[in-house]
Amino acid sequence: MTNLQELSISTEAAENVRRIISQYPADKKKSALLPVLHIVQNETEGWLTINTMDNVAKLLEITPIEVYEVATFYSMYHIEPVGKHVIEVCQTGPCMICGSEKLVHYLEKKLGILVGQTTPDGMFTLKTVECLGACGYAPMFQIGETYYENLTEEKVDQILDSLLSATSSNI
Amino acid sequence: MPKVTIDDISLEVPLGTTILQAARMIGQNVPPAMCYYSKLEGSGGKCRTCLVQVVAGSYKDPRPMPKLVASCRTTVMDGMEVRNTTSSEVQEARKGVTEFLLANHPLDCPVCDQAGECKLQDLSYEHGLSKSRYEFKRREFDRIDIGDKIQLHMNRCILCYRCTQVAEQLTPERVHGVLHRGEHSEISTMIEKAIDNDFSGNMIDVCPVGALTDKTFRFKSRVWFTKPVFAHRNCPGCEGKVTLWYQGSEVLRVTSRKDKWGEAESFICNSCRFDHKKTEDWVIEGPAKIDSHSVISQNHMKFELPVIQPLLTTENEQTA
Amino acid sequence: MARKLLLELADIPQIQNIDTYISHGGYRSLEKALKKMTPDEITEEVKKSGLRGRGGAGFSTGLKWSFLDKSTDKPRYLLCNADESEPGTFKDRYLMEKLPHLLIEGMILSSYALGSNTSYIYIRGEYMFVLRKLEKAIQEAYSKGFLGKNILNSGFDLDLYVHPGAGAYICGEETALIESLEGKRGNPRIKPPFPAVSGLWGCPTIVNNVESIAAVVPIINDGGDEYAKIGLGKSTGTKLISASGNIQKPGVYEIDMGITVEEFIYSDEYCGGMKDGLELKACVPGGSSVPILPRHLLFRESNGDSRRMTYESLSEGGFTSGSMLGSGGFIVYDEKQCIVRNTWNFARFYHHESCGQCSPCREGTGWMERILHNIENGRGTEDDIQLLWQVQKNIEGNTICPLGDAAAWPVAAAIRHFRHEFEYHVKYPERVFDADHTYQPEIQQTYSLTT
């Protein structure tokens, strides 16, 4: 897979990509598109550039438009830059009646941004999303692969603080 | 051969025939089709204008189908009974679908090159309400040129997917597609680039509305002021059978020939379409047959007699 | 204490570990099934059990399996639908997180029954943390010889993979799921052909919900007849219910089908009653798509009998006075909740999730959301309520896939049963919300108390 280098992803991620492609028949490489885009997006600052998508197309032996069509269809792919941590607050019915609107307002106030925006330091992007399948543990949000559930204002403070301190200690 | 009855008219059809094809064979009360295109594989099923009611599935299983079905994608079974114009449920549903298709469609027919040969105009004339009940802001997109010959006016698009099927099935590589989803879906190349291949012009012909138009014809004339003439040439790229659209002695545009259902009889290459716009490039066959209900026929005075004749008898005629 | 067929082991520490799972009787069905039963005998047991699809449609699983086209040389595929996205539903996630090996065991049995040598679990992309657990469990199962070549010397081969989605409710529709697994947009296919004849890569394919596949394990262990003894009428076995909303104890519960709705809400074993001493106003018993029921219709069928947690009882009365069991996404609303706001919220969901392929859904879902948004924000008119009714009616039944119906039904039911709330919004806009629509719970409260 010579095209794998062009993706400029870590060795571990490349290994994952290889493993995933092997899960589908050799002539059905396109099936690996969704999982591969997930891996690549994680490796490229959380969003997909045209260049990245073109390289994925080459890797899976499909046309670039096939990748664009998919990347714009699914809500988890970002085709524009996002903050380091994307806070995705569930806003659907069961969460709403358990206080998700209040939670969004609290986050907006705390971060000083509106839904859809990114903090000036590039640390947080605030998004509302549809049902995440955590209705019994509402209100909740997802950051990266982690679900934070039964949220209160205190819990939110703690979560954001720990994300901030984890980032600063990494520098 | 399976027998199907549509609005009380029965017909035996070859195995695998769809309800819509059967209706076209019967030739009357044919459901409208905005997305189905018999020459494009996988087309149909999306616009929902051709919905019909199946009151009996077949002799073997005469139960009615629980929902209205897309006639373009439902295969006839022996003994099937279908209601189209005789079903008030179908008429109501079609009215609803028409309203949905118009909800976000701009009311810019006066400046749209498709006006006069627009399938959505026909549909709304036959099935639409006189006034839109949709009071919200319509979707808006920028007009974009995809290459120097074709313009994409996404506001008008009804997402029939035909142009993507043309690109998939007629051209070496599809570079445009449907991006985003739901109401935000749009036909796009993602990054602006030209769609440049020998058969891209057919996207214009299959577009049921004015979303994809011929830039070389843009604002030159209303179609009903032009006179369609059948012509052919010996073309290495395609069959070379076209319609020339004249204004006076000038050919304003070249299109494929459309059959009774508005479909291209054969797809033509871009060389025929864009590069051969002189009468001397062509062997003229005679005036094109235009449906008498079409607005184009209103300006078709000189050819009125041949128009109602079958095509074969007009073959030796010359243009004026 | 109700019997538990699926969640029996859920609270055992380290049950996600294969050795713990085996020591509690896990994977014992494989010896029996792979060595002593033919694939058709397994299908037969599933048929006998009366198991109905747990994803929402409630179609007989055994019957669905029998439609699989076995006449071709093409490979056959079993796909597990773990794209759980119906608002109010989180049972599959719970099952997979708690008992990944139960799903894998069910996948092995079902794949054997269907003759699938490569099977996939399609899981929604947001559940990536569950996918990691499943992949780890699958590795363990390979190392024990439960997956791979010649499983337990039975001659049966199976490779099992997990495939993530990427944020699209529509991929829970089985043909959209297949498209998505093929690396495409999640546009539902136009049927026929049905997946059982032409599904994944054009091959015969069966798509089953997580809970349905897990239920095959107790069905094989105890026999289809034993399973069918549980429940009421055609609603056999146990069902996972995801309970959420304004109740004391939200969570996932395994119930014997047939307990009363009242018991489920008020018993301490389940929801534990309403929260904050408030009254129950309404309930969506089967996920956001099914009709909302007001209190007076929720507990009683039209003949006065208690309404029960079964497919039949919940849908008794049709859409006039009934609802559906659906996916078992049980959302409970207290007296302070605004039905118009909830309906608008759901309409926004379907608008967001419409794939955009067919016109009634693409154009209709957004239209409904906008009308509801206006009404909710005090900008609606009496005519808007009428128009909303007609728009939902024009969507229902006219779309390629069931998402159109799923979007239309909650709107229809809300108008049917709570028209007075819509009219109140139209009549007293100033009492509902202020003009720029900031969140004002105290106003909402006043409003609810006056209706």
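I count a residue as buried if 20 or more other C-beta atoms lie within 10 Å of its own C-beta. I keep in mind that this is a predicted model.

**Entry: helix α7 of chain C**

With that cut-off I went through α7(C). Its buried residues are Val130(C), Leu131(C), Leu134(C), Ala137(C), Ile138(C), Glu140(C) and Ala141(C). I then looked up what covers them. The cover includes α1 (18-23), α5 (91-98) and α6 (100-114) of chain C, and also the strands β2 (116-123) and β3 (159-164) of that chain.

Next I checked the length. The helix runs over residues 128-143, which makes 16 residues. From first C-alpha to last, α7(C) reaches 23 Å, close to the expected 22 Å. After the helix comes Gly145(C), and I noted its positive phi, near 80 degrees.

**Entry: two helices in chain A**

I turned to α1 (residues 11-21) and α2 (residues 33-43) of chain A. They pack at about 175 degrees, and their axes are 10 Å apart. An angle over 145 degrees counts as roughly antiparallel, so α1(A) and α2(A) are roughly antiparallel to each other.

I listed the residues that meet. From α1(A) they are Ala13(A), Asn16(A), Val17(A) and Ile20(A). From α2(A) they are Pro35(A), Val36(A), Ile39(A) and Glu43(A). I sorted this contact by residue type: six are nonpolar, one is polar and one is charged.

**Entry: the cores**

Which residues touch the most other members of the largest nonpolar core? I found Val36(A), Leu37(A), Met140(A), Leu79(C), Leu95(C) and Leu103(C), in a core of 247 residues. Helix α18 (residues 403-427) of chain C gives the most to this core, with 12 residues.

Leaving aside neighbours within four places in sequence, Leu79(C) is in contact with Ser119(C), Tyr120(C), Tyr122(C), Leu177(C), Leu181(C), Leu200(C), Thr205(C) and Val207(C).

I also noted a second, separate core of 17 residues. Val229(B), Cys238(B), Val242(B) and Ile268(B) are among its members.

**Entry: Asp198 in chain B**

I placed Asp198(B) in the loop between β9 (186-188) and α5 (202-206) of chain B. Is Asp198(B) buried, exposed or partly exposed? I counted 17 other C-beta atoms within 10 Å, so Asp198(B) is partly exposed.

I looked up its contacts, not counting residues up to four places away in sequence. Asp198(B) touches Gly237(B), Cys269(B) and Asn270(B). I also checked Pro172(B), which lies 26 residues from Asp198(B) along the chain. Their C-alpha atoms are separated by 9.2 Å.

Definitions and conventions:
Residues are numbered from 1 along each chain as its sequence is written. Chains are lettered from A and ligands numbered from 1 in the order in which they are written. This is a predicted model: local features need pLDDT of at least 70, side-chain atom pairs count only at pLDDT 80 or more; totals for chains, interfaces and linings use all residues. Axes are lines fitted to C-alpha atoms, for helices over the stretch in contact, and angles run from 0 to 180 degrees between N-to-C directions. Helices (H or I, at least four residues) and strands (E, at least two) are DSSP runs, numbered from the N terminus. Angles under 35 degrees count as roughly parallel, over 145 as roughly antiparallel, 65 to 115 as roughly perpendicular and the rest as oblique. Two residues are in contact if their C-beta atoms, placed from the backbone, lie within 7 Å. Ala, Val, Leu, Ile, Met, Phe, Trp, Tyr, Cys and Pro count as nonpolar, Asp, Glu, Lys and Arg as charged, and the others, Gly among them, as polar. A nonpolar core is a set of buried Ala, Val, Leu, Ile, Met, Phe, Trp, Tyr and Cys residues joined through C-beta atoms within 7 Å. A residue is buried if 20 or more other C-beta atoms lie within 10 Å of its own, exposed if 12 or fewer, and partly exposed in between; C-beta atoms are placed from the backbone. The expected span of a helix is 1.5 Å times one less than its number of residues.
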